[in-house]
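Visitor: Hi! I have a new structure open and would like a quick tour. Could you walk me through it?

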Amino acid sequence: MSRPTIYITKMTPQTELSHLLYGMEEEEIPGELKENQQLDLIAAAYEQALKSPLEVGIAVNEKQAVLHFKSLPEKEPLFVVDNNEESMMTLGKNAARLVKGIPFKLDV
C-alpha cells in the first residue's frame with residue numbers, strides 16, 4: 001500500500017519542482033506528480049486537491065505556484081506565490097504543514 005501524498009501538477013513540462021519537493025520532504029510529507037487537463041493554474045490546483053488523499057493540491061507553471069485545499073472555495077486558493085527557489089521551498093513546507101495541522105511558515 002502506498003503512502004498518501006500531496007498531488008502536484010506542472011502546467012509546463014520544463015517547470016522545476018525540486019525546491020517544492022525539498023520543502024515537503026523537510027516536513028516529511030511526500031508529493032506525487034500527476035497529469036492535468038486544466039488550463040487555469042488555480043483550477044488545476046483545486047482539481048489536484050479534490051483528487052489527493054490528503055486533500056491538498058499544488059499547480060505550478062514557470063511564473064507562479066498555487067496551493068489549494070479541498071475544503072476551500074474553488075476560486076480561493078490558500079497561497080499563490082512566485083515561482084522562485086525560496087518561495088517554492090516555503091510553499092512545499094506549508095503544503096506539508098497544512099496536512100499536519102501545524103502553523104504555516106509566513107515568509108511566502
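**A helix and a sheet**

Guide: Happy to, and please keep in mind that this is a predicted model. Let's begin with helix α3, residues 85-100. Its 16 residues should span 22 Å at 1.5 Å a residue, and the end C-alpha atoms are 23 Å apart, so the two values agree.

Visitor: Which residues of α3 are buried?

Guide: Quite a list: S87, M88, T90, L91, G92, K93, N94, A95, A96, R97 and L98 are buried.

Visitor: And what covers them?

Guide: The cover includes strands β1, β3 (56-60), β4 (64-69) and β5, along with helix α1 (18-26).

Visitor: What goes on at the start of α3?

Guide: There, N84 has a side-chain oxygen within 3.3 Å of the backbone nitrogen of E86.

Visitor: And just after α3?

Guide: You come to G101, whose phi is positive, about 75°.

Visitor: Switching topic: in what order do the strands of the sheet run?

Guide: The order is β2-β1-β3-β4-β5, with 5 strands forming an open sheet of mixed pairing. At the edges are β2 (31-33) and β5 (79-82), each of which pairs on one side only. From one strand to the next, the twist averages 20°.

Visitor: What holds strands together in general?

Guide: Backbone hydrogen bonds pair the strands of a sheet, either parallel or antiparallel.

Visitor: So is the pairing of β1 and β2 parallel or antiparallel?

Guide: Strand β1, residues 6-10, pairs with β2 in the parallel sense, over 3 bridges.

Visitor: Which residue in β2 is the bridge partner of Y7?

Guide: That would be E32.

Notes:
Residues are numbered from 1 along each chain as its sequence is written. This is a predicted model: local features need pLDDT of at least 70, side-chain atom pairs count only at pLDDT 80 or more; totals for chains, interfaces and linings use all residues. Side-chain values use heavy atoms; hydrogens and water are left out. Two strands pair if DSSP finds at least two bridges between them. Helices (H or I, at least four residues) and strands (E, at least two) are DSSP runs, numbered from the N terminus. Axes are lines fitted to C-alpha atoms, for helices over the stretch in contact, and angles run from 0 to 180 degrees between N-to-C directions. The expected span of a helix is 1.5 Å times one less than its number of residues. Buried means under 20% relative accessible area, exposed over 50%, partly exposed in between (1.4 Å probe, protein chains only). Contact means heavy atoms within 4.5 Å. A polar contact is a pair of N or O atoms within 3.5 Å; within protein, one must be able to donate a hydrogen and the other to accept it, and residues adjacent in sequence count only if both atoms are side-chain atoms.
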